[in-house]
Amino acid sequence: MDFEGNKYEEEEINNYEDEEVINKSEEGEVRISEFKRTLNLFDSVGIIIGIMIGTGIFSSPGVVLDYSQGIVGVSLFVWIIGGILSLLGGLCFAELGAAIPTTGGDYRYLLECLHPGFAFAYVWACLICIKTGSQTIISIVFARYFGSMILDFDITDENLDSSWTLKILAVSSILLLTIINIIGVKLGTFVQNTLMITKFITV
């Protein structure tokens, strides 16, 4: 296997050497242990759709309409602008993924394009507030709507978010999804696709 001339493949080998996961066959060929690729095209598209059609589509339209003073045309214009910005962001990440074809995502892009300090700070920011904050919002919105179906929550109640029942339901949903993903990729993918289809039909 020839890794010469490819910067990222060489770096991957070095990373695996550090972790002592390189196995050598009798012929001396280097074999790199890799994650088993179990996601197909439908699964990959389902993940992207599930990310793009977020909980905001269920909770934000009323807020946007209120700030638009009830003018539907202005509200739709705001959504269109937001969609264009999201599209531009997606195209930027597509270009980065093609230019830097290695694992690490945002961290690796910041590491390669800017400075290791930015990459380090971004990872900690994700751990402390970015990812954790977004998951909190998603779980609370889920608990509000799911609770309105099974526990008769009044989603128009301004004090609903302070309810311990809602908080327990939100935390339980995060723990359940965490356990599902720990069990395995196939189960996590099945749940992801099911929720994606449900969300798509609902919208």
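F142 is partly exposed, with a relative accessible area of 38%; partly exposed lies between buried (under 20%) and exposed (over 50%), using a 1.4 Å probe and protein chains only. This is a predicted model, where local features need pLDDT of at least 70, side-chain atom pairs count only at pLDDT 80 or more, and totals for chains, interfaces and linings use all residues. Numbering starts from 1 along each chain as its sequence is written, and side-chain values use heavy atoms, leaving out hydrogens and water.

F142 and F146 sit 4 residues apart in helix α7, about one helical turn. Their ring centres are 5.2 Å apart with planes at 10°, so the pair is stacked (centres within 6.5 Å, planes under 30 degrees apart).

Here are the accessibilities side by side:

| Residue | Relative accessible area | Class |
|---|---|---|
| F142 | 38% | partly exposed |
| F146 | 30% | partly exposed |
| P61 | 31% | partly exposed |

P61 belongs to helix α4 (residues 61-67); helices here are DSSP runs (H or I) of at least four residues. Leaving aside residues up to four places away in sequence, P61 touches G56 and W79, with contact meaning heavy atoms within 4.5 Å. P61 and W79 are 18 residues apart in sequence, and their C-alpha atoms are 8.9 Å apart.

Back to α7, and its neighbour: the axes of α6 (residues 106-113) and α7 (residues 116-150) come within 7 Å and cross at roughly 160°. That makes α6 roughly antiparallel to α7 (an angle over 145 degrees). The contact involves D106, Y107, L110 and L111 of α6, and P116, F118, A119, F120, Y122 and V123 of α7.

Methods. Axes are lines fitted to C-alpha atoms, for helices over the stretch in contact, and angles run from 0 to 180 degrees between N-to-C directions. Helices (H or I, at least four residues) and strands (E, at least two) are DSSP runs, numbered from the N terminus. Angles under 35 degrees count as roughly parallel, over 145 as roughly antiparallel, 65 to 115 as roughly perpendicular and the rest as oblique. Rings of Phe, Tyr and Trp (its six-membered ring) pair if their centres lie within 6.5 Å; planes under 30 degrees apart count as stacked, over 60 as edge-to-face and the rest as tilted.
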